[in-house]
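I'd like to walk you through one model, so please have a look at it first.

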Amino acid sequence: MTFDFNIFAGQPLLPTIWFVAIGIFWIGYLILDSFDLGVGMLMSVFAKNEKERRLLLNTIGPVWDGNEVWLVTGGAATFAAFPLWYASLFSALYIPLTFVLLALIFRVIAIEYRGKKNDERWIRGWTIALSLSSFFIALLVGALLALTSIGLPINANGDRVGGAFAWASWPVLLGGLSLVGFALVQGLAFVALKTDGDIRHRARTALVRWLPLLLLPIVLWVLYMQVTTGNGISWLCTILAVFAVLFAWISARSSREGRAFAGLSLFMAFGALAIFTALFPNVLPSTLDAAHSLTIANASSSEYTLGVMSVVSGFGLPVIIVYQIWTYWVFRKRLRVENIPDAHDASELVTHPNRAS
């Protein structure tokens, strides 16, 4: 553990910029997709009836698929900017990454299918599928990010050493639980922000009560990184994360849902920055030998490739940001249970097309 604030000195410029950019992409994903994953989990454990479950689904309906753009962007940027990092990570983690992909697909299907048929067993089954897939996405993505930060048993060629589950360890489980806990807290904050009436008050009460416990895993993960590889910048980010979560908790107690959501978002941003800056300049440490670790220098693409990517991103990234801001602004109003119409059976409209009129 050191307290060097000049960690970027002597590092290549464009790889450093793209390491920071990928960190920002992941932070965007962790802040935005966490709340809709949390809402997905809450549909089974928080909502009291079908009207409330449909209300929860409507809060994330206009934005959930846009939130996943950050995951795709982060993965694509990693592939293009740091191909050796991408190759080593994906080749070492075929099994968990396959489960992530399956959970992502299953979640999309559950969201699309649960409202297509007004049948109790049908709806209950897809609700459970939505909650489980949301849980496993958060668990596995958190575990994969933990693996990136603590390292893998990779050799000088970047290949994994050991069996198919050589990556499994308690820090990996801690990383998975970290994102599950944060997703639930962020989901409660979002429900309190986007709804009105009894469900809003219940969400805020649950947020105040469960926030300290649910955020404990991510606090332990951040502290683990600081104690093992922390530096001055990462410790500063950790301190700012503490202030942000205290602000969120106090705001929730004062019925300031917008401030609570913003505080939790800042907590995740500073917490993730603390982890990324503690990792720097490594992108994938080797637990076998530090000399085998992948860094921004030995895992990056050529200067020309990174330069072209920088120009393209300068045009594309603002479009994504503006579109998402516009989406959240258009659908900014609170929803109530009374706003949710009675359910209909889409399968009947297909079977009997004349009924649509």
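A word on the ground rules. This is a predicted model, so local features need pLDDT of at least 70 and side-chain atom pairs count only at pLDDT 80 or more, while totals for chains, interfaces and linings use all residues. Residues are numbered from 1 along each chain as its sequence is written, and side-chain values use heavy atoms, with hydrogens and water left out.

So, how many salt bridges does a search of the whole structure find? There are 13, where a salt bridge is a side-chain nitrogen of Lys or Arg within 4 Å of a carboxyl oxygen of Asp or Glu.

Let me start with Arg-202 and Glu-52, whose side chains meet at 2.9 Å, N to O. Helices here are DSSP runs (H or I, at least four residues), numbered from the N terminus.

Are these two buried or exposed? Arg-202 is buried, because its relative accessible area is 17%, and Glu-52 is buried as well, at 7%. The cut-offs are under 20% for buried, over 50% for exposed, and partly exposed in between, using a 1.4 Å probe and protein chains only.

Next, Arg-334 and Glu-257 form a salt bridge, with their closest N and O atoms 3.5 Å apart. Arg-334 lies in the loop between helix H13 (303-330) and helix H14 (346-351), whereas Glu-257 belongs to helix H12 (residues 257-279), 77 residues away. Arg-334 counts as partly exposed at 30%, while Glu-257 is buried at 5%. Shared partners join both of them into one network of salt bridges, together with Asp-196, Arg-200, Arg-204, Arg-336 and Glu-338.

Val-208 counts as buried because its relative accessibility is 18%. Beyond its neighbours within four places in sequence, Val-208 is in contact (heavy atoms within 4.5 Å) with Trp-249, Ala-252 and Arg-253.

Finally, the surface. Tyr-94, Ile-95, Phe-99, Leu-102 and Phe-165 form a nonpolar patch there, with about 560 Å² of accessible area together. Patch residues have over 30% relative accessible area and no salt bridge; like charges are joined within 9 Å, and nonpolar side chains (Val, Leu, Ile, Met, Phe, Trp, Tyr) within 5 Å. The areas come from the Shrake-Rupley method with a 1.4 Å probe, and for residues only the protein chains shown count as cover. One member, Ile-95, is in helix H6, residues 94-113, and is partly exposed at 32%.

Key
Helices (H or I, at least four residues) and strands (E, at least two) are DSSP runs, numbered from the N terminus.
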